[in-house]
Amino acid sequence: MVQLLLKLIPALIFWGIFIYVIIYVNYPESLTQASVEQLLYFFIPLFLALTFTINLLLGSIIRSILISFGIIILLVLKTLDSLNIVSAGLTIIAVGLLISYFNPSTRSA
């Protein structure tokens with residue numbers, strides 16, 4: 001129970017930070033007009049919140065980071081209006097290959 005609580009607390013903290021950013025940080029008209037600070041304020045808490053939330057389900061921080069990174073890439077492609085079946089498929093395949101590469105059970109010693 002304590003281990004679950006220790007995994008749950010960072011996820012809740014970063015979701016809280018992400019919600020705070022959405023409510024209180026001024027947002028630009030589009031992604032291309034956003035400053036570097038606005039992008040960092042939005043994507044870093046989102047990435048960390050996704051990572052710790054997915055880690056609750058999977059139990060592997062490396063897989064959680066890779067899946068979160070894939071979700072962020074898909075989100076950026078969607079906001080740039082570049083998301084189509086090919087780019088989504090390639091992103092999913094790339095994340096799947098990265099996950100399989102970092103899978104410890106498939107590595108030989």
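Start by selecting serine 68: leaving aside residues up to four places away in sequence, serine 68 touches Phe47, Leu50, Thr51 and Ile54 (contact means heavy atoms within 4.5 Å). Serine 68 is buried, at a relative accessible area of 0% (buried means under 20% relative accessible area, with a 1.4 Å probe and protein chains only).

A quick note on what's on your screen: this is a predicted model, where local features need pLDDT of at least 70 and side-chain atom pairs count only at pLDDT 80 or more, while totals for chains, interfaces and linings use all residues. Residues are numbered from 1 along each chain as its sequence is written, and side-chain values use heavy atoms, leaving out hydrogens and water.

Select residues 61-79 for H3 and 85-101 for H4: the two pack at about 165 degrees, with axes 10 Å apart (axes are lines fitted to C-alpha atoms over the stretch in contact, and angles run from 0 to 180 degrees between N-to-C directions). That angle makes H3 roughly antiparallel to H4 (over 145 degrees).

Now show some side chains where they meet. On the H3 side, pick Arg63, Leu66, Ile67, Gly70, Ile73, Leu74 and Leu77; on H4, pick Ser87, Ala88, Thr91, Val95, Leu98 and Ile99.

Finally, zoom out to the chain. You'll find four helices and zero strands, and the C-alpha trace spans about 50 × 40 × 20 Å along its principal axes. Of the 109 residues, 21% count as buried.

Terms used:
Angles under 35 degrees count as roughly parallel, over 145 as roughly antiparallel, 65 to 115 as roughly perpendicular and the rest as oblique. Buried means under 20% relative accessible area, exposed over 50%, partly exposed in between (1.4 Å probe, protein chains only).
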